[in-house]
Amino acid sequence: MSFLRGILAGLAIGYLTAPRSGKETRDQLTKNVNDLQSQWEEGVSQVKSQIDRLAGNAETKVNQYADKAENKFDQYKNEAKSAYNQNQAKSAYNNTVDDAADATKSGINKAEDALKLN
């Protein structure tokens, strides 16, 4: 800020001591102030544009990482669900085999008992 103040002070002193009429000096000062204001506004606009661009890039990256994280979560969830379902299927299969074995053993015992009586 002090650099900008120095430039403005130098310009003001230069214009005030220049061999021009008061109206010409005021017109020149007004023109220069308007030019400085335009340059300032252009600079601010460029900074805002850069900030918006960077914010957009950051948002895109965040969304990409969020999507990757969500996909990984879904993958692990499905793997866990699959493992759980496989365990459930194994358990149901083992129960069915045990029931079939018990029924077979009971049938054999009944057949042996029937053969002993005759």
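A residue is called buried when its relative accessible area is under 20%, exposed when it is over 50%, and partly exposed in between (1.4 Å probe, protein chains only). This is a predicted model, in which local features need pLDDT of at least 70 and side-chain atom pairs count only at pLDDT 80 or more, while totals for chains, interfaces and linings use all residues. Residues are numbered from 1 along each chain as its sequence is written, and side-chain values use heavy atoms, with hydrogens and water left out.

**Overall form**

- The protein chain has 2 helices and 0 strands, where helices (H or I, at least four residues) and strands (E, at least two) are DSSP runs numbered from the N terminus.
- Along its principal axes, the C-alpha trace of the protein chain spans about 145 × 20 × 10 Å.
- Of the 118 residues in the protein chain, 3% are buried.

**Helix H1**

- Leu4 belongs to helix H1, which covers residues 2-17, and this residue counts as partly exposed because its relative accessibility is 33%.

- The structure contains 1 salt bridge, a term for a side-chain nitrogen of Lys or Arg within 4 Å of a carboxyl oxygen of Asp or Glu.
- This salt bridge joins the side chains of Asp35 and Lys31, with 3.1 Å from N to O.
- Both Asp35 and Lys31 lie in helix H2 (residues 22-117), where they are 4 residues apart, about one turn of the helix.
- Asp35 is partly exposed, at a relative accessible area of 33%, and Lys31 is also partly exposed, at 45%.
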